[in-house]
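This briefing covers a few strands and a set of aromatic contacts. Please read it alongside the structure shown below.

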Amino acid sequence: MMPPDHPPIPPRKVGVLLINLGTPDAPDTRAVRRYLREFLSDRRVVEIPQLVWQPILRGAVLTTRPKKSAHAYRQVWREDGSPLAAITRAQTVALADAFGPGVIVDYAMRYGRPAIADRLAALKQAGCERILLAPLYPQYCAATTATANDKAFLALAGMRWQPAIRTLPPYHDDPAYIAALRAAVEAGLAALPFAPEVVIASFHGMPARTLPLGDPYHCHCQKTARLLSEALGRPLTVTFQSRFGPAKWLGPATDTVLAELAASGTRRVAILAPGFSADCLETLEELAIRGRETFEAAGGTDFAYLPCLNDSTGGIEMLRSILSRELAGWVDVP
């Protein structure tokens, strides 16, 4: 029996924390600068010695890039905010009751808000003595999955009573993920008013040096594309987008391939971004808007961007499936 003056103890629960990259709070220069400062100061994102990188970041990069990025964000901003934040929030709501009454599903962003440390503290306060960290990156990369886990572990290091922790492994080749992608792509292609000659799978780029350093990201992307191609029964052209800086990046580059396809006579293209769990600036502005402009300027006539899984029925069922597997032994999922 507890003494009468004992603080209240909430019922024991299990937490699931969905984690995505992050977004500025608003599509304006000040908010974007604040976001980019945090994002580009991450040593896993930019692996240049800080003594060299920080003067460059605080000089040329944060002086010029925020205005350009803010313009891009304004083109895709929704009434309910950033697409990435709005969709991740919708995924969280859709999964709220997926694992039974003893499980709390929440979300956080690696950069920006809601912060990982704040949501971990909230889950602990709500009685979560076991928490599954779920970075929503199908393909493992040190600059995405690892840094999200790093931030969570840093917050845990400051807790006197830590919850037990599990982390969601990469799911680049998970049958549930491939099946969800296949269904979404087939439905998307069937709804188009034209038949694409080429279907492109565009993944976020990473510096080429990450591959020989041991990052499995490139291999995971290639395997996802191969499995999806086999499931669809048609070839996919693999490209990488979002190059930044002068270093050599994984290739071929998405914008270059789009221009080359059109210049060589391809007139109809569809493109998808299977490495993103939710549509965001890199898909809605870089691919759907600028990708179309690049393709049409080089002679293409028909271009379609196929949305991410987002909070679609298939996407949510896929997340429920892979998260249920990781919760096994902690909860009996209904």
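Two strands count as paired if DSSP finds at least two bridges between them. The model is predicted.

**Strand β5 and its partners**

- Strand β5 covers residues 198-204 and pairs with β6 in the parallel sense, over five bridges.
- Within this pairing, A201 stands opposite V238 in β6, and F203 stands opposite F240 in β6.
- Strand β7, residues 268-272, also pairs with β5 in the parallel sense, here over four bridges.

- Strand β5 is mostly covered, with six of its seven residues buried.
- Strand β6, residues 237-241, is mostly covered as well, with four of its five residues buried.

**Aromatic pairs**

- A pair of aromatic rings is described by the distance of the centres and the angle of the planes.
- The structure holds seven aromatic pairs.
- One of them is formed by Y35 and F39, whose rings are stacked at 6.0 Å centre to centre with 15° between the planes.
- Both Y35 and F39 lie in helix α1 (residues 29-40), four residues apart, which is about one turn of the helix.
- Y35 and F39 are both buried.
- The pair of F295 and F303 is tilted, because the ring planes stand at 45°; the centres are 6.2 Å apart.
- F295 and F303 are both buried.
- Y35 and F39 also belong to one aromatic cluster together with Y111.

**Charged side chains over rings**

- The charged end of K124 sits over the ring of W161, at 3.9 Å from the ring centre.
- R166 lies over the face of W330, and its distance from the ring centre is 4.1 Å.

Terms used:
Residues are numbered from 1 along each chain as its sequence is written. This is a predicted model: local features need pLDDT of at least 70, side-chain atom pairs count only at pLDDT 80 or more; totals for chains, interfaces and linings use all residues. Side-chain values use heavy atoms; hydrogens and water are left out. Buried means under 20% relative accessible area, exposed over 50%, partly exposed in between (1.4 Å probe, protein chains only). Helices (H or I, at least four residues) and strands (E, at least two) are DSSP runs, numbered from the N terminus. Rings of Phe, Tyr and Trp (its six-membered ring) pair if their centres lie within 6.5 Å; planes under 30 degrees apart count as stacked, over 60 as edge-to-face and the rest as tilted. A charge sits over a ring if NZ of Lys or CZ of Arg is within 6 Å of the ring centre and within 35 degrees of the ring normal.
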